[in-house]
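Let's take a walk through this structure together. Have the sequence and the 3D view ready as you read.

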Amino acid sequence: MRNSVEAAGLGLLHLLRYPRAGTMWTRRDAGRPRRLRRHLSSSGPPWRLLFFGSDQFAVESLKLLTSSRHSADGIVETLEVVTLDDDVPVNRFAQQNRLPVHNWPLGDTEGRFDVGIVVSFGRLLQERLIKQFPYGMLNVHPSLLPRWRGPAPIFHTILHGDAVTGVTIMQLRPHRFDVGPILNQDLHVVPDRCTTDELRDALAVKGAHLLIDTLRTLPERVRNKREQSQAGVTFAPKINKSMSWMVWDEQTCDQIDRLYRSVSSRIPLRTTWMGQTVKLLGFTGRCHISLADEQKKPVPGSIRYQRVSDTLAVSCKDGWVGFKGVLLKKRLTATEFYNGYLHQALLKQQPQHAARGLFVGKREVNANKDLSLQSQNKLC
């Protein structure tokens, strides 16, 4: 015990005599217990980092920071983690790699870290916390800010058909999301027919490397930071189930394609058939349908069963789109839906029940309900 105490004392004495370049040791306020901390106004890497994150996108940055602790470039000195929940990818990665983990909300960290790193954390951080980091808090954001500020930039990139996106490293500011000054950006060309999940994985890797590049020359980048332009600001709100409803007479084939690629891994596209909600599965893209009367435009939502390809073709604003199956009480292939439901309904169809051969969008359902209520009110 005595030897270990002596060794610790000698180590502290060495630090006091030979501090790291740009480092000072100071004493806290008078009247309080003496406590040494580092002042980093002119310091550089390696950095003491506190990482805030939750999902798989954040794991890529944490993974690269973890490996950088033992690399020759000396960017990361220490690395600790803050998560919102035990059952999230960031916490699992931290536990597997024996990184110290802190629960949210966080206590006082002043003097213990140089930089805060925030990736997909999902909380608005207060000014008091941000100021505890001498170099502030950096955020990895998967868009070219100021385009797509908000929690779902990758989803909106796909939904709106952006050809180019990228990653931004910015400094956090309190009170509002995604408005801080930009330290670094990197462009990324969006591949054709790319899905949200595919783009997320690509930008997670690109963002992790851009973060390391930023930390390598952080003091210089902080000096040269630039404020975001007020031109070109767009917002990326969270996705929700209401976005997945089809409106067959308003949506084009391309719009349905982008909607499917953006949301279907989380929320299936939905429509109604004979008053029942139907989830549309296995989108195949634009279909080419030959009609007996080419001059007559099909009613939006019209369904045609394609036996050879085992596909349900549905009419929309500017053509036909195909699906390999549906979820109606249970999962059904196109053939099963046609034989067990659609064909039987069409055989029984009366002129007043033309909707049996249609998928009906949410707006049309609501309109029919409104008409029904108006009729009831007139009768009363």
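This is a predicted model: local features need pLDDT of at least 70, side-chain atom pairs count only at pLDDT 80 or more; totals for chains, interfaces and linings use all residues.

Start with the largest pocket, which has a volume of about 1,000 Å³. It is lined by 33 residues, and the closest to its centre are Asp55, Ser120, Pro151, Ala152 and Pro153. Several elements each supply at least two residues of this lining: helix H2 (56-68), strands S6 (115-119) and S7 (137-141), and helices H5 (153-159) and H6 (196-216). Sorted by class, the lining of the largest pocket has 16 nonpolar, nine polar and eight charged residues.

Now turn to the aromatic rings, where a search of the whole structure finds 13 pairs. One of them joins Trp104 and Phe121 edge-to-face, at 5.2 Å centre to centre and with 80° between the planes. Trp104 sits in the loop between strand S5 (101-103) and S6, while Phe121 lies in the loop between S6 and helix H4 (127-130), 17 residues apart. Trp104 is partly exposed at 28% relative accessible area, whereas Phe121 is buried at 2%.

Another pair, Phe113 with Phe133, is tilted, at 6.4 Å centre to centre and 35° between the planes. This pair too links distant parts of the chain, from the S5–S6 loop to the H4–S7 loop, 20 residues apart. Both Phe113 and Phe133 are buried. Ring pairs join Phe52, Trp104, Phe113, Phe121 and Phe133 into a cluster.

For Cys287, the nearest cysteine sulfur is that of Cys253, 8.3 Å away. Because its relative accessibility is 15%, under the 20% cut-off, Cys287 counts as buried.

Key:
Residues are numbered from 1 along each chain as its sequence is written. Side-chain values use heavy atoms; hydrogens and water are left out. A disulfide is a pair of cysteine sulfur atoms within 2.5 Å. Buried means under 20% relative accessible area, exposed over 50%, partly exposed in between (1.4 Å probe, protein chains only). On a 1 Å grid over the protein atoms alone, a cavity is a set of points where a 1.4 Å probe fits but cannot get out, and a pocket is an open set with protein on both sides within 12 Å along at least five of seven lines; lining residues have an atom within 4 Å of a point. Grid points are joined across faces, edges and corners, and a volume is the space filled by probe spheres set on the points. Helices (H or I, at least four residues) and strands (E, at least two) are DSSP runs, numbered from the N terminus. Ala, Val, Leu, Ile, Met, Phe, Trp, Tyr, Cys and Pro count as nonpolar, Asp, Glu, Lys and Arg as charged, and the others, Gly among them, as polar. Rings of Phe, Tyr and Trp (its six-membered ring) pair if their centres lie within 6.5 Å; planes under 30 degrees apart count as stacked, over 60 as edge-to-face and the rest as tilted.
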